[in-house]
Amino acid sequence: MKTAHYDKRFEGPEALSPGIYENCVFNGLDFSAVGFRDFRFIECHFEACNLSNARFQNCQLQQCHFQDCKLLGLHFEEVNPLGFSIHLVACNASHCSFYQVNLQHSRFENCLFQEADFTEVQAKGLKVGNSEFQGAHFERSNLTDADFSQATGLFLDPEQNRVNGLLLQERQLAGLLLKIQTPDCPLTKKLIFEL
């Protein structure tokens, strides 16, 4: 039977064992390259933690909040999709893979996603606040009604992604959607722009 932890705060070098962690706080811990196979995190907060190259095979992340964390190279496609929901704030998620991940119930604010892989993500309605996507890859992704108006460094091909109702600012067009040359282009009608 798995161990269950509720409303606990973890700040020391204590090793975690597989189990259920609900409404727990993990502060300033180094989980780099740690395996979280079969862990279940529910409404947990990770603050200033290093989770770079951690492994999340069949781990559940349900309504989890990451603040000021290093998440370099994570493979979110290995996470159990049941109830998956993350809120990233001021995190470095460069070189992460979100391949085929459902991000509809997630939020990103003030994050770095350099060279991240967003291939075939379900991101309908995703809210992205002031985040950098330099070199991030989007292909066959559903970005319908998503809000990327505060994103920078974003490049995506509207013919390779579903972008109906995607919210952008006009300034993002210069180097963003290279196939769109004028506001009269038919592809522009798929997008919504803030002026």
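The reply below goes from the strands to the aromatic rings and then to the charged pairs.

Guide: The model is predicted, so local features are reported only at pLDDT of at least 70 and side-chain atom pairs only at pLDDT 80 or more, whereas totals for chains, interfaces and linings use all residues. Residues are numbered from 1 along each chain as its sequence is written, and side-chain values use heavy atoms, with hydrogens and water left out.

Four strands make up an open sheet with parallel pairing, in the order E1-E3-E5-E7. Strands (E, at least two residues) and helices (H or I, at least four) are DSSP runs numbered from the N terminus, and two strands pair if DSSP finds at least two bridges between them. The edges are held by E1 and strand E7 (60-62); each has a single partner strand, so one side of each lacks a neighbour in the sheet. On average, neighbouring strands of this sheet are turned by 10 degrees against each other, direction ignored (axes are lines fitted to C-alpha atoms, for helices over the stretch in contact, with angles from 0 to 180 degrees between N-to-C directions). E7 pairs with strand E5 (residues 40-42) in the parallel sense over three bridges, and Leu-61 in E7 is the bridge partner of Phe-41.

His-5 counts as buried because its relative accessible area is 12%; buried means under 20%, exposed over 50% and partly exposed in between, with a 1.4 Å probe and protein chains only. Beyond neighbours within four places in sequence, His-5 is in contact (heavy atoms within 4.5 Å) with Phe-10, Ile-20, Tyr-21, Glu-22 and Cys-24.

The aromatic rings come next. The whole structure contains 28 aromatic pairs. One of them joins Phe-31 and Phe-36 edge-to-face, at 5.4 Å centre to centre and 80 degrees between the planes. Rings of Phe, Tyr and Trp (its six-membered ring) pair if their centres lie within 6.5 Å; planes under 30 degrees apart are stacked, over 60 edge-to-face and the rest tilted. Phe-31 is buried because its relative accessibility is 6%, and Phe-36 because its value is 1%. Phe-36 also pairs edge-to-face with Phe-41, at 5.7 Å and 75 degrees, and Phe-41 is buried as well. These rings belong to a cluster linked by ring pairs, whose members include Phe-10, Tyr-21, Phe-26 and Phe-66. Phe-10 and Tyr-21 are also among the contacts of His-5.

The charged pairs remain. The structure holds four salt bridges, each a side-chain nitrogen of Lys or Arg within 4 Å of a carboxyl oxygen of Asp or Glu. In one, Arg-9 meets Glu-47 at 3.6 Å, N to O. This pair links distant parts of the chain, with Arg-9 in strand E2 (residues 9-10) and Glu-47 in strand E6 (residues 45-47), 38 residues apart. Arg-9 is partly exposed at 47% relative accessibility, as is Glu-47 at 25%. Arg-140 forms a salt bridge with Glu-120, with the closest N and O atoms 2.7 Å apart. Arg-140 lies in the loop between strands E11 (127-129) and E12 (166-169), and Glu-120 in the loop between strand E10 (107-109) and E11, so the pair ties together parts 20 residues apart in sequence. Arg-140 also meets Glu-139 in a salt bridge at 2.6 Å, N to O. Salt bridges with shared partners join Arg-9, Glu-11 and Glu-47 into one network.
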